[in-house]
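Please look at the sequence and the model together before reading the points that follow.

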Amino acid sequence: MTTPTAQMVRIMIDGMTVNVPKGTLVIEAARRVGVMIPHFCYHPKLKPDANCRMCLVEIEKVPKLQTACSTPVDEGMNVRTATTVVNDAHKSVLEFILANHPLDCPVCDQGGKCDLQDFSHQYTATSRFTETKRVFQKEYFSPLIETQMNRCVQCLRCVRYCDEVMDVKALAPVGRGTMTEIKHFGFHPLDCEFCGGCVQICPVGAITSRLSMYEYRPWMLKRAETICGYCGDGCQMTVQTKGQELIEVNSAHGAGRNNGDLCARGFFGFHAASHPQRLTHPLIRRHGALVQVTWEEALEYVADRVNEIKAAHGGPSFGGLISGRCTNEELYLFQKFLRMAIGTNHIDSSARYGHVNGLQAMQLVQGTHRWTVTFEDILDADVLILVGTNITETNPITGLKVKEAVKKRQATLITIESLEPVVDTMSNIANLSHHHFRIPTSDTHHAIVGLVKAVLEQNLTQPDLAQRHPTYVNAMTSALQQISWQDLQAATGIEPDAFVRAAKVAAGARRVVIMAGQLLLRSEQGYSGCLTLLDLLLLTGKLDAPGCGFAPLAEENNDQGAIEMGTVTELLPGAQPITNDTERERIAKQWKGELPTDKGASLIEMLERARVGSLKAMFIVGENPVGSLPAVIHAEASLRNLDLLVCQELFLTETAALAHVVLPAASSLEKHGTFTNTEGHVQAVRPAIEPVGDSRPDWEIFSALSILLNSPMEYAESKEILKEIRSLIPGYSSLGPTPLPPKVDHSAVDRYLTDGYQRDLASRYHPISRASRPDGTVRLELAQSLFHSGKLSTRSKGLLQVEGSGRLRISPSDAARFALSDGDRVRLSSTSGEMTTEVKIMERVPQGTAWFPSHFGQAAVQLFECAIDPITHVPSFRTATVSMMKVA
Amino acid sequence: MAGTGKDVSSETLGEAGTPLFIVRLACNDPMPKHELILLKNMMQPGYTGSLADYEKTGGYQALRNTLGKLAPADVTAIVRKSGLRGRGGAGFPTGVKWGFLPKDYQGPRYLCCNADESEPGTFKDRQLMERDPHQVLEGIVLACYAIGSETAYIYIRGEMVLGSKILEHAIGEARAAGYIGKNVLGSGINVDVWVHRGAGAYICGEETALLESLEGKRGLPRIKPPFPATHGLYNKPTVVNNVETLANLPHIITRGPEWFAAIGSPPKSTGTRVFCVSGHVKRPGNYEVPMGMTVRELVYEYAGGMRSDKPLKAFIPGGASAPFLTPAHLDVKLDFEHVAAAGSMLGSGGVTVMEEGTSMVWAALRLMEFFYHESCGKCSPCREGSSWLVQTMRRIFAKRGRMEDLETLLDLCKNIAGRTVCAFGDAEVAPIQSTLKHWRHEYVDLINEAEAANLIRPEPVARR
């Protein structure tokens, strides 16, 4: 990796002089002057392997030809890439590679984008080979990935990518010499992360996607550069289509924040949009049933009902809930619509489920609503602390940054996770960890407290902090003195020494990034856990140090946008608190109206109001509270109580089935807009296909309704909304492709250190009481699966082939305890209900815990208790103690 | 294997009379004309290779005289002065190789003893390990001391089960006697030696592939640079030395570098070489002779001459990777320089002799089959080239050849050699290139026969 301080050397390539940092490979230096040296095995993401021998070049004073992909430049080097000798060498290597190649281009999916084809053409390659070609037996490889080993050029890019970048190691070369073929381990179909990296990186047609097999030639496809809609990582991807048909997704090397890497959801999950059950027409409930109507009818009906209810009960009898999967423009317009056209502050979004915890903590301590770090800071970090992330499955691409930092850049990794460090079919971040605190999710907070305690007791605090803010440090010290190491050890099962060692590493490092994942953010201690992590940064003096910061990982692709667009009740656009009067006035003036003055209700409060009858109508956009909230919330009963429920949806969900009006919405593959990823990059979403059926982008629906309600918010296209957002939110207009992260607001830090910390110090640092779990029970947790994200992915045929149903993941020791084997059925029961499901034994699951994938968790979710954070109003319903019994 | 003399005694290496391993000894060889160094002990009647026997012959005295008395740098200097060159094939000066290790590196460094002897026609290391394991071990400990390594691995060819058991046994003896382990002979030096059996790949004798294999990975050669001296086993400074090279060390230490440097054909090829003579000779076997002896002397005086008294037709001077030579080269001196000047290489010391009447096409095909089987498949030219060459050779030998095949063969050889990561590419083309050079008419005859008989052959098809 080149650093700005690297020594520059001057070399000649084909007579052209080029200055490059010392250590640059010749092939990369040549690229800078526009000389493309042919290659198969070289890839900038991988360590050079120099096995294809295609990139041979002549270097002056070196007797033999050298491989440009493995030779670093040296001062004064004179490289020739176009001499007869070099050309003959390239031709001869190509002749060898073509020798055993089946030349089946007419039926090869790579045809038209194949390196071997291109080079053969370039060198007008012929082969004198007339012997018998080597033929491999065709084998079934996997449901999603197809291999055709006769086409393989044995460059091992796939194997190296799977190991070096993904850390999965699912592929290996098998056999020797010309009989070398790429296989996976075991006598079953491939079982891996299905990131599609091998498909993308294969220079020929040896590894291809089965989802688009034999369906196209590259030149038939239309391409759209857009952003993946599955998680907060915000990966740029190219969606390729043939007419209205979705054919393939890939991502070019170097593209977007993901640098061309994708995960299973991004690569194989694109079929959700074209699912046959998509809603294509507006529906209105008539005589108890939803019937198809025209848009005019539906919209006029909604407008009439809104006017009636508003006249009778006023604006605050309305509520709105929107999904963090919508674009910024839609989120913005939704809250503007509710606040201005309807006149209510009862607005919430899916950011409420966890992201709000991280945001509120950041706002309180450092005065920002975004990360103060970027993905680059993760790569450059000296120490990375991962708390409750299970990053491989929740935010796979952020996970790749962590893997690169640890594997290639020698970062030290501290993990507080419930994962057992074992090798199985997926990469496991705990395997890379230097300090792994394996701890049940519900006890995560104790481990963070342990680190803070170690920092204070080992005198690892920033020296002048105690002088500047003695009351804060003293209060922390005395609060932590009440927590004994014995209790911590009893609660976490971890020796005090381990905390001390990790704390010393973190405090001694220069660049420290702390990442908090869903398992923390969505837990009962989500908010306090984030504050404690920020305390850790503050105490060690890392909060405002360059390259250091706190990074809560967004679960949904635009959770961050939902916060910034003011689509949670406590915030205005720009993530300003609604209690900030100057901001209120400024925005009201821009919007040319009055903002409602009532204190808004969050999601759970809205449902409660609906249940008691004070909330009369709701707009629900892309959210499914009936399906995703536990039974104790009684979401269904609350929504049934409404006079008007308008749902904008892709599919008829449990919630939409209760609605009075269902409006078909366009998916993110069908509209323009922007998504803000977890690190705060606002990225363009572009349509790949036309909206399916009569569906329309959500913003068009809000806009149309606003006109009918006589407070017109008219926009010709979503760009105009973005323009309005830019004029409204300071700093938003200057966002380029690589915006600078915000700086820590020192006045906010001072406020926090003076008295902000006191608000919930006691609840964060309290003596630990440990509740024991009765025999015959397990701790049931909802877990994110790599192959799914939300409900949308469960409509994607590709992902369903990898994981088609929810199976309870249990540890081998629990399997033995309950006498279970893979595929057995169990009944889980708690005081709230019961369910039966199949079990899957996974070594990474800790003993005493059972994980159920959240997107198949409809039945499971009913078993959970719900705790609501008193400050952030985040409902937490991720764990429950259930008894488990085998059933026939 | 030394000579074909009758095997007259069976001895055991077991403790207290428990027969662990039966070692076949040949002891009625005529006394050689030159002083033996490496094979001296094992040629003694009744020598079992046990620690006691080895100590009786002055074994481990070199180690005793080194530890605490010579600085590691002095040992390296002595070895450099002796002119000892690697006996594995490449003939790199051993002392110079040791000198490449970074001086100030703090972490661990490793010694790997390359005992993967898989070169067809080479069987010297096997004998050195099976008959006199302590001589090798003493050399290993000395080398470890010189390079500052606390750990040595003997990477032994998987098929040499007996050798690995004997080495394990010898290591046990040496450890019990304090020659290996913590605090060797009270010097404060720690040296541990481990035996690792390969799994049957020729390429694992290539030093970087050996390191990969030792690390538990697929044995494929690494790109050089970086060299093992700086980035070797587990990315640590590492020296890889051949068994015979290491076995020479105790003698060099004991008798001084000047003595060693005077043997053979100084200044560049010093010491003796154990030549593995095989093929159509009367007495195939290992013969230790000073470097610089002519092939004629080795074949006719040591190996007893040709099997059926037919004239010699061809020989390979240094293992399968070395190009064939002809009777015109019988007076070439067997040292690094002279063999190279004759167009071949001294290599691993495997001298394979062929008598008049041997088909050179068949001989080249046989070796090509070996190289085809053993090409690891990493580099395209070698992987695809070996299968192409072997198929063409099979066709020519089966009288299905065409005249243009010969040009294709030479062209392919040219395109493989020097274009691969390791030296395998150079090695695999040697048999074809050298037989085509010296015995082209044999190829032509076979092809003419095919043409005359109008044997069915595939039409050449130009493929794009």
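**Notes on a strand and an interface**

1. In this predicted model, strand S20 of chain A, residues 512–516, is largely enclosed by the rest of the structure, because five of its five residues are buried.

2. In a regular strand the side chains alternate between the two faces of the sheet. For S20(A) both faces are covered, with A:Val512, A:Ile514 and A:Ala516 buried on one side, and A:Val513 and A:Met515 buried on the other.

3. Which strands are joined to S20(A) by bridges? Strand S17 of chain A, residues 383–387, runs parallel to S20(A) and is joined to it by five bridges, and within this pairing A:Val383 stands opposite A:Val512. Strand S21 of chain A, residues 549–552, is also parallel to S20(A), with four bridges between them, and here A:Ile514 has A:Phe550 as its bridge partner.

4. Turning to the two chains, 38 residues of chain B are in contact with 40 residues of chain A. The area buried between them is about 3300 Å², and carbon and sulfur atoms give 51% of that area.

5. Between chain B and chain A there are four salt bridges, and one salt bridge links the side chains of B:Lys378 and A:Asp49 at 3.1 Å, N to O. The polar contacts between the chains come to 21 residue pairs, with both residues at pLDDT 80 or more.

6. On the side of chain B that touches chain A, helices H13 (360–374), H14 (380–397) and H15 (403–416) each supply at least two residues, and H14(B) gives the largest share, ten residues. The residues of this side divide into 13 nonpolar, 13 polar and twelve charged.

Technical notes
Residues numbered from 1 in each chain as written. Chains lettered and ligands numbered in written order. Predicted model: local features only at pLDDT ≥ 70, side-chain atom pairs only at ≥ 80, totals over all residues. Heavy atoms only, no water. Contact = heavy atoms within 4.5 Å. Buried area = accessible area lost by both parts, 1.4 Å probe. Polar contact = N/O pair within 3.5 Å; in protein donor to acceptor, adjacent residues only side chain to side chain. Nonpolar A, V, L, I, M, F, W, Y, C, P; charged D, E, K, R; others polar. Buried < 20%, exposed > 50% of the residue type's maximum accessible area, 1.4 Å probe, protein only. Pairing = 2+ DSSP bridges.
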